[in-house]
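Me: Please show me the sequence and the model, and then let us work through the fold by question and answer.

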Amino acid sequence: MKNYIFKNSKKRILFKTILLFFLGFFFNSNAQHKNTSKPNILFILTDDAGYHDYGFQGSEDFKTPQIDRLAATGIFCTNGYVSASVCGPSRAGLLTGRYQQRFGFFMNPKQYQNLPKSETTIADAMQKEGYSTGIIGKWHMGYQENFHPNDRGFDYFYGFLSGSRSYYPQTQVKDSAAVYRNNLRHNRTLLNESEMDFYTTDLFTDKAIEFMNVSEKENKPFFLYLSYNAIHHPLETEPEDMLPYQNLKDPVRRITGGMTNSLDRNFGKLLNYLEEKGLRKNTLVVWVNDNGGQSTQMHTNNWPLRGFKGSELEGGNRVPFLLSMPGTLAENTEYNAPVISLDLFPTFLNLAGGNPANNPKPLDGVDLIPFLKGEKTSEPHEILFWQRNNAAVRKGDWKLLKYVKKQKIELYNLKDDIGEKVNLADKEPEIVKELEAYLADWQSKNAERMK
């Protein structure tokens with residue numbers, strides 16, 4: 001047998017030098033490829049949860065170590081808003097980056113109302129940037145087949161079309177329309193839930209990890225919109241998730257705690273996956289609640305805010321709003337200027353290498369990254385608007401509420417009075433006049449679509 005060991009030391013040195021050069025080139029090229037690859041985006045939307053029902057917010061009732069873990073690695077926007085205080089229009093705004101009043105989607109959708117195809121979704125835009133796009137969970141943007149998520153920019157859909165459903169398999173639904181709206185589906189295929197065993201919060205997390213894993217194997221960046229139905233009613237929880245809350249006197253709070261516990265545990269599964277795969281630093285994780293906490297059915301805690309879901313008070317529209325990307329964004333930090341869910345579209349698109357200015361219709365949001373990094377020191381927005389039944393406008397620290405039927409005006413300084421307890425409308429008539437003029441101008445531009 002021939003001996004291939006180099007007997008000449010010079011040849012050995014030359015061989016090692018050449019080998020190290022090629023190995024170094026190979027690993028450096030891979031590292032450069034990994035470092036310059038487009039970032040992933042995991043956008044988590046939770047449903048109807050309380051503003052104060054998290055450990056990092058100071059909750060005395062609920063413990064949320066995994067959500068706290070996410071907060072510790074990111075920036076919490078203390079003045080973070082959504083564009084509507086109920087589920088459907090809130091989603092319409094964040095998916096389009098535009099006030100939903102612009103296209104008449106300012107109330108929860110009725111049976112034949114859909115997100116208009118004249119509007120570009122963030123998924124449409126991310127597809128063009130080469131992203132795998134997925135939505136898992138709740139859609140609530142219309143029930144008709146040609147307005148399905150797969151027709152709105154999402155390559156992958158696993159979830160349900162309606163606004164709420166059971167957390168467990170639905171095996172005896174007789175109404176065919178309800179089956180169509182509420183039944184789980186994978187893309188366009190209705191699933192046979194009678195053969196399944198699941199709790200939706202766990203199921204949607206598992207499908208999210210599957211989606212991210214496939215995208216990674218295909219070497220494609222992913223944009224995943226993980227739209228949990230938790231903790232929207234019905235009140236359903238796994239018994240073991242409720243065990244830590246057996247001492248709470250309110251039985252509804254015990255169940256809400258169990259549902260929050262499940263949500264928290266699944267946040268941990270997502271973070272563990274990203275960390276174990278080495279994706280954490282190259283993935284922007286954003287968590288927002290779709291509107292303020294629900295009061296009558298869920299008994300959430302919105303302290304220190306006044307009002308709940310459905311209201312134009314702070315408790316209806318101000319929500320947990322957190323962005324995390326270690327190495328790119330600061331960690332365990334607060335950002336105090338007002339931001340809104342409309343900002344997510346341009347933020348995601350800019351991060352993906354796209355240009356929000358090229359969107360077919362003008363966006364109402366801004367890219368938040370330069371503001372969060374301190375590269376822009378001005379505030380992202382001079383003024384923000386809300387309207388469903390009633391209307392509100394915020395400029396700086398001042399917020400005006402206009403109760404349409406009551407013809408009543410309220411004015412609050414949110415810096416001094418986050419709980420909106422002291423109505424200053426009579427004491428500050430000039431500020432009322434200014435904000436009413438801004439609101440009237442905004443309403444007039446959208447009047448035809450808000451009838």
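Predicted model: local features only at pLDDT ≥ 70, side-chain atom pairs only at ≥ 80, totals over all residues.

Reply: Residues are numbered from 1 along each chain as its sequence is written, and side-chain values use heavy atoms, with hydrogens and water left out.

Me: Which strands stand at the edges of the open sheet?
Reply: The open sheet has 10 strands in the order β7-β6-β5-β4-β8-β1-β9-β10-β2-β11, with mixed pairing; strands here are DSSP runs of E with at least two residues, helices runs of H or I with at least four, and two strands pair if DSSP finds at least two bridges between them. Each edge strand has a single partner, so one side of each is left without a neighbour in the sheet, and these strands are β7 (189-190) and β11 (333-335).

Me: Which residue in β9 does Phe 43 stand opposite?
Reply: Strand β1 (residues 40-46) pairs with β9 (residues 283-289) in the parallel sense over 7 bridges. The residue in β9 that stands opposite Phe 43 is Val 286.

Me: At about what angle to β1 does helix α8 run?
Reply: Angles run from 0 to 180 degrees between N-to-C directions, on axes fitted to C-alpha atoms, for helices over the stretch in contact (heavy atoms within 4.5 Å). Helix α8 (residues 251-276) lies across β1, β8 (222-227) and β9, and its angle to β1 is about 180 degrees.
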